[in-house]
Amino acid sequence: METWEGRNFSITDPQGVKTVIYQVMETEKEYQEEGPKYTVERLDHTSEIRGENVKKTFFVDRPLPEGNSLVILSFGQDKVVVNTGILIDDKVKITKKPLPVKFDTLYSEKEYEYKEFQYTPNLKRPISIIDPDTAEEVKPTLYFDEKTNEVKGKCKLKPYKSYFAFEIREDS
């Protein structure tokens, strides 16, 4: 039998809303020189239908004593609500001090690959691109850039479709 040690918490999505949550992690010190300062990792969850609502239970594998920083994205009809929070014990508290999150909508009338973005040597990344209709990530294609000696990623985006992209930036 597989066991799991970590933290979990639940939220309930009303009809027409899809919430996804990312954990924000500071890149390990040995990788900060050649990579981004922060990376994001989408949290796994289970779903349970409750009438017209969906109860989602999210899981954090490596709970930190000082809490885990979260980006909470709720996709509704033609809008995205962005919140930041911190998971302490099994409770999420919405933070008063915002994380340095940069987000944007991507749209093109031509099929194109989104800009390259850098991965850390342990294959973590600072950016995520999401299809707002399904709330699913657009999976990047990884490749090794021999000129810079780095692992990079590109995302292929469909024409005439909007995407939501966010990145955690270093405080300026």
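A salt bridge is a side-chain nitrogen of Lys or Arg within 4 Å of a carboxyl oxygen of Asp or Glu. Keep that in mind for this tour of a predicted model.

**Stop 1: Lys161 and Asp131**

Select Lys161 and Asp131. They form a salt bridge, and their closest N and O atoms are 2.9 Å apart. Lys161 sits in the loop between strand E16 (156-157) and E17, while Asp131 belongs to strand E12 (residues 127-131), so the pair ties together parts 30 residues apart in sequence. Are Lys161 and Asp131 buried or exposed? Both are buried.

Salt bridges with shared partners join Asp131, Asp133 and Lys161 into one network. Then show Tyr163. Lys161 lies over the face of Tyr163, at 5.7 Å from the ring centre.

**Stop 2**

How many salt bridges does a search of the whole structure find? It finds seven. Side chains of opposite charge can pair when their charged atoms come close.

Select Glu137 and Lys139. Their side chains meet in a salt bridge at 3.2 Å, N to O. Glu137 has a relative accessible area of 14%, so it is buried. Lys139 reaches 59%, so it counts as exposed.

Go on to Arg50 and Glu48. This salt bridge spans 3.1 Å, N to O. Arg50 is partly exposed, with a relative accessible area of 45%. Glu48 is also partly exposed, at 37%.

**Stop 3: the three-stranded sheet**

Three strands form an open sheet in the order E1-E5-E4, with antiparallel pairing. Its edge strands are E1 (7-13) and E4 (44-50), and each pairs on one side only. The twist averages 20 degrees from one strand to the next.

Strands of a sheet pair through backbone hydrogen bonds, either parallel or antiparallel. Look between E4 and strand E5 (residues 53-60): seven bridges join them. Find Thr46, which stands opposite Thr57 in E5.

**Stop 4: aromatic pairs**

Stay with this sheet and select Phe9 and Phe58. Four aromatic pairs occur in the structure. In this one, the ring centres are 5.7 Å apart and the planes meet at 20 degrees, so the pair is stacked. Phe9 is in strand E1 and Phe58 in strand E5, 49 residues apart. Both Phe9 and Phe58 are buried.

Next, select Phe75 and Phe164. Their rings are edge-to-face: 5.7 Å centre to centre, with 85 degrees between the planes. Phe75 lies in strand E6 (residues 68-76) and Phe164 in strand E17 (residues 163-168), so the pair ties together parts 89 residues apart in sequence. Phe75 and Phe164 are both buried. Ring pairs link Tyr22, Phe75, Phe164 and Phe166 into a cluster.

**Stop 5**

Five strands make an open sheet in the order E3-E2-E6-E7-E8, with antiparallel pairing. At the edges are E3 (38-42) and E8 (91-94), each pairing on one side only. Neighbouring strands here are turned by 35 degrees against each other on average, direction ignored.

Zoom in on E7 (residues 79-88) and E8. Four bridges join these two antiparallel strands.

**Last stop: Thr95**

Where is Thr95? It is in the loop between E8 and strand E9 (101-106). Beyond its neighbours within four places in sequence, Thr95 is in contact with Thr84, Gly85 and Ile86. Finish with Leu70: it is 25 residues from Thr95 in sequence and 9.3 Å from it in space, C-alpha to C-alpha.

How values were computed
Residues numbered from 1 in each chain as written. Predicted model: local features only at pLDDT ≥ 70, side-chain atom pairs only at ≥ 80, totals over all residues. Heavy atoms only, no water. Pairing = 2+ DSSP bridges. Axes fitted to C-alpha atoms, helices over the stretch in contact; angles between N-to-C directions. Contact = heavy atoms within 4.5 Å. Phe/Tyr/Trp six-rings, centres within 6.5 Å; stacked < 30°, edge-to-face > 60°. Buried < 20%, exposed > 50% of the residue type's maximum accessible area, 1.4 Å probe, protein only. Lys NZ or Arg CZ within 6 Å of the ring centre and 35° of its normal.
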